[in-house]
Amino acid sequence: MNEIVFFINKGITSGLIIGSIYALGAIGVTLIFGILRFAHFAHGDMMTLGAFVTLILTAALASLGIVLPLPLAFIAMFPAMAITACLAIGLDRVFYKPLRQAGARPVVLVMASVGVTLMLQGLIRLFAGVRSRDMFIEAPKEIFRIPFPGASRPLIITEPQVLLIVFTFVAVIVLHWFLTRSRLGKAMRAVSDNPELARITGINTNHVVWATWIIGGALACAAGTLLSMDVTLKPDLSFNILLPIFAATIVGGIGQPYGAIAGGFLVGFSETLAVFNWAILLRPIKDHLWFEVPANLALVPTQYKLMVPFLILIIVLIYRPTGIFKGRVL
Amino acid sequence: MSTIIDVRGVTKRFGGFYAVDECTLSIQKGSITGLIGPNGAGKTTLFNMVAGTHVPTSGQILLDGEDVTGLPAHELFNRGLLRTFQIAHEFSHMTVTENLMMVPEKQSGENLTSAWFQAGRVSREEAEVRRKAEEVMEFLKITHVKNELAGNLSGGQKKLLELGRTMMVDAKVVLLDEIAAGVNRTLLNDLVANIERLNSELGYTFFVIEHDMDMIARLCDPVIVMAAGTVMTQGHIEEIQKNEAVIEAYFGGSPTGNATIETDSTAAQEDQQ
């Protein structure tokens, strides 16, 4: 039974965690693509930026001596999401909007977002340095050990991981409600479906664009914060997961929020399961197998983890060229 | 009758080419005015300028006495001038009802702040718009597809949806861009009947570009003929069909001199190629 516990801890839980992070990031990327029609490369750094905003607020709360039942960083994340959303709108105002109004082609906006990426990375390093930081200022993170029937080892899940999974679940439901029920959400879908018709029928494009940045920015902040709560906060943290996020976006069908969620989990799970040592699961039945179980039976070595999303991407695109959910519109 | 659209000496130049050259015409309130002419006569360019898609190089366009030259399409929409598209536009991933409900402008639910803080007003408005959409679907007899995704509709139903969109606001003028293109005969009858009803019951003015001469003959009076970027003549369809100059323009002169404009749809289809 210990083997199954190990599998749940190292395979299922990790997949769920990294999948949630990818999903939260990919929703933003896909919404921005659907509405504004460009691949937003600065999204990874918007996540880092959000995490740093959270860190600052957390430090402020901690220095006030506030103690709450939940980790301070999680509480601070909500105002930080609002701040990051405003920063995202600000970035749009300063860098992307003038380009859009000048009628720039999407590739120009993509290049601009690469520029914004470099700028944000520089700014974050300038003010925060390059060392890694712990988001748990006031108390160490709590680790839950849940006994598993018939096993000597417990299931292990940390507090930020629980919060991350719950948060993603709630965020997905709220997003679904927003896009299908609310007027503004429907307007967003309309703009992504047929921008020309949307403009002619007088949908307020400005508000749609703001809503896009608010959702994208807030979720980026949440993903960055929760990821750095799970590990530590480094300036290049989110930039490293930008490529898997893009892979998740494309796998899910670009412009499709539900696709982004599915793509995020698909990429997350395949990454963790690809580096998982399957030999452990085979060990209890090794006497019945016709071959010798090697010590390490991972599908790919850990160093090549980053390759997995792209393998998934290629496989999915061969069989479903528009992604899991047919892409291009919300 | 008063004039609702007044095009005064409008010119559109693309580089050195005059697509529309000093064109002057007027459309009477409450009429169904047709616009015909051979390919390259500048019909579509003129139409696009009236609809706000192109800005005229020179000249003036008046809507109900107000200068609307060069106003963008959504401004004209606010003033009650709507257009349909030759290839029907729709929000293909939304239902027919949702499509219609997107139309009315300045809905408070689309506003970021009121969407959250004035939920009561938003939902009252929403109910209002929904009722209106139901009425429109009833009028056009498309209630049976109200929960269908617009992308799954047939070509003709999409055109009805385009008409429905114009009914969601109180349109003064509706520009129809080849509404018969790609619609089967039965649905075409529905379309014509609906256009006539909108015209007689709700007082809509229609300005129609059409290649299908049958359609023009059934629907439009007067008919304006364009050739080489300017208005050649205008009048009742029967006069037009007998007009030598018009026949000349359409067929580049006929040696026997007894050709008439075909009212056969095959000619119209060839024309579109």
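User: How many residues of chain B are in contact with chain A?

Analyst: Two residues are in contact if their C-beta atoms, placed from the backbone, lie within 7 Å. By that rule, 22 residues of chain B are in contact with 21 residues of chain A. This is a predicted model, where local features need pLDDT of at least 70, side-chain atom pairs count only at pLDDT 80 or more, and totals for chains, interfaces and linings use all residues. Residues are numbered from 1 along each chain as its sequence is written, while chains are lettered from A and ligands numbered from 1 in the order in which they are written.

User: Which helices of chain B each supply at least two residues of the side that touches chain A?

Analyst: Helices are DSSP runs of H or I with at least four residues, numbered from the N terminus. Here they are H2 (73-78), H4 (112-117) and H5 (119-140) of chain B, and H2(B) gives the largest share, four residues.

User: Is helix H10 of chain A mostly covered or mostly open?

Analyst: A residue is buried if 20 or more other C-beta atoms lie within 10 Å of its own. H10(A), residues 242-252, is mostly covered, with nine of its eleven residues buried; among them are Phe246(A) and Ile250(A).

User: What covers those buried residues of H10(A)?

Analyst: The cover includes helices H1 (2-36), H2 (43-63), H11 (257-275) and H13 (307-319) of chain A. Look just after H10(A) too: Gly253(A) has a positive phi of about 105° there.

How values were computed
A residue is buried if 20 or more other C-beta atoms lie within 10 Å of its own, exposed if 12 or fewer, and partly exposed in between; C-beta atoms are placed from the backbone.
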